[in-house]
Amino acid sequence: MLALLAGMTVMSAQEQADTATAVAQRELVRDTFSTAGDSLTILASDTIPVATPYDRFATFNSWEERDVQFNPSPTRAVWMSALFPGLGQIYNRRYWKLPIVVGAYLGLGYATSWNNGMLNDYQRAYRDIMDSDPSTKSYMDFFPPGTDEASIDRSWLTRLLQSRKNFYRRNRDLCIICMVGVYFLAMVDAYVDASLSHFDISPDLSVDISPSLIPDSRNKLPGIGLTWAFNF
């Protein structure tokens, strides 16, 4: 029993000594850093800084909004325009060009269909007047009802039908070529718009004028002139 009490006494004395030593070291460190300046603060070893929800909300509000500029890809703009005329303009955010492209495409499509219908009518009439079958008289549909076929000059009518047939065929083919042209033009426009969006165009203009010597092949001495340089 006495041995146990002696052991507990020794352990209590050892703990007190360790505590006193730790307190002395902490005070020494605090005194050392306090002499370097009042702006430096030493936290206790058992103190952990915790950010409160209010601090997080204040940090979130302190973020500055960045103005992210749209930077289209020329390759993607071309592929979208190739998929359907006008999609490249929508991708580049050139919405005012969309009615122009779509209107031109639809207008040329309607003109192609109309000229192709007229071509079919005149082609059938020309084929009927050239054959020897008296039952095929579709060319008489171009005349008012009750017109006597015997009073019509067949040679004149044949030349007229052939001329009209060639006329509407030429117009139909021209409309198809224009549709293909509009298709590729929309692709080129989408590519150029997307490419030019990468350039930083400044509205400020400046001019620099300086004297210069201009070589003259007809004389030994060079000519004197001015050099103009525009910066934009």
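**Labels and their cut-offs**

Tutor: Let's start with Val 188, which is found in helix α6 (residues 154-196). Before the rest, some ground rules: this is a predicted model, where local features need pLDDT of at least 70, side-chain atom pairs count only at pLDDT 80 or more, and totals for chains, interfaces and linings use all residues. Residues are numbered from 1 along each chain as its sequence is written, and side-chain values use heavy atoms, with hydrogens and water left out.

Student: What makes a stretch a helix here, and how many helices and strands does the chain have?

Tutor: Helices (H or I, at least four residues) and strands (E, at least two) are DSSP runs, numbered from the N terminus. By that rule the chain has six helices and two strands, in the order α-α-α-α-α-α-β-β.

Student: Why is Val 188 called partly exposed?

Tutor: Buried means under 20% relative accessible area, exposed over 50%, and partly exposed in between (1.4 Å probe, protein chains only). Val 188 has 48% relative accessibility, so it counts as partly exposed.

Student: And what makes Ser 81 buried?

Tutor: Ser 81, in helix α3 (residues 74-83), has 0% relative accessibility, so it counts as buried. Its side chain also reaches the backbone oxygen of Ala 186 at 3.3 Å; a polar contact is a pair of N or O atoms within 3.5 Å, where within protein one must be able to donate a hydrogen and the other to accept it, and residues adjacent in sequence count only if both atoms are side-chain atoms.

Student: Which residues is Ser 81 in contact with, leaving aside neighbours within four places in sequence?

Tutor: Contact means heavy atoms within 4.5 Å. On that basis the partners of Ser 81 include Gly 88, Gln 89, Tyr 183 and Met 187.

Student: What does Ala 104 touch, not counting residues up to four places away in sequence?

Tutor: Ala 104 touches Pro 99 and Val 182. The C-alpha atoms of Ala 104 and Val 182 are separated by 7.4 Å, although the two are 78 residues apart along the chain. Ala 104 sits in helix α5 (residues 98-130) and is partly exposed because its relative accessibility is 31%.

Student: How do you know that Asp 193 and Arg 94 meet in a salt bridge?

Tutor: A salt bridge is a side-chain nitrogen of Lys or Arg within 4 Å of a carboxyl oxygen of Asp or Glu. For Asp 193 and Arg 94 the N to O distance is 3.9 Å, so the pair falls within the 4 Å limit and qualifies. This pair links distant parts of the chain, with Asp 193 in helix α6 and Arg 94 in the loop between α4 (87-91) and α5, 99 residues apart.

Student: Are those two buried or partly exposed?

Tutor: Asp 193 has a relative accessible area of 11%, so it is buried, while Arg 94, with 29%, is partly exposed.

Student: What about the side chains of Lys 97 and Asp 193?

Tutor: They meet in a salt bridge too, at 2.7 Å, N to O. Lys 97 lies in the loop between α4 and α5 and Asp 193 in helix α6, so this pair ties together parts that are 96 residues apart in sequence. Both Lys 97 and Asp 193 are buried.

Student: Which residues are linked in a network of salt bridges?

Tutor: Arg 94, Lys 97, Asp 189 and Asp 193. The count of salt bridges comes to five.
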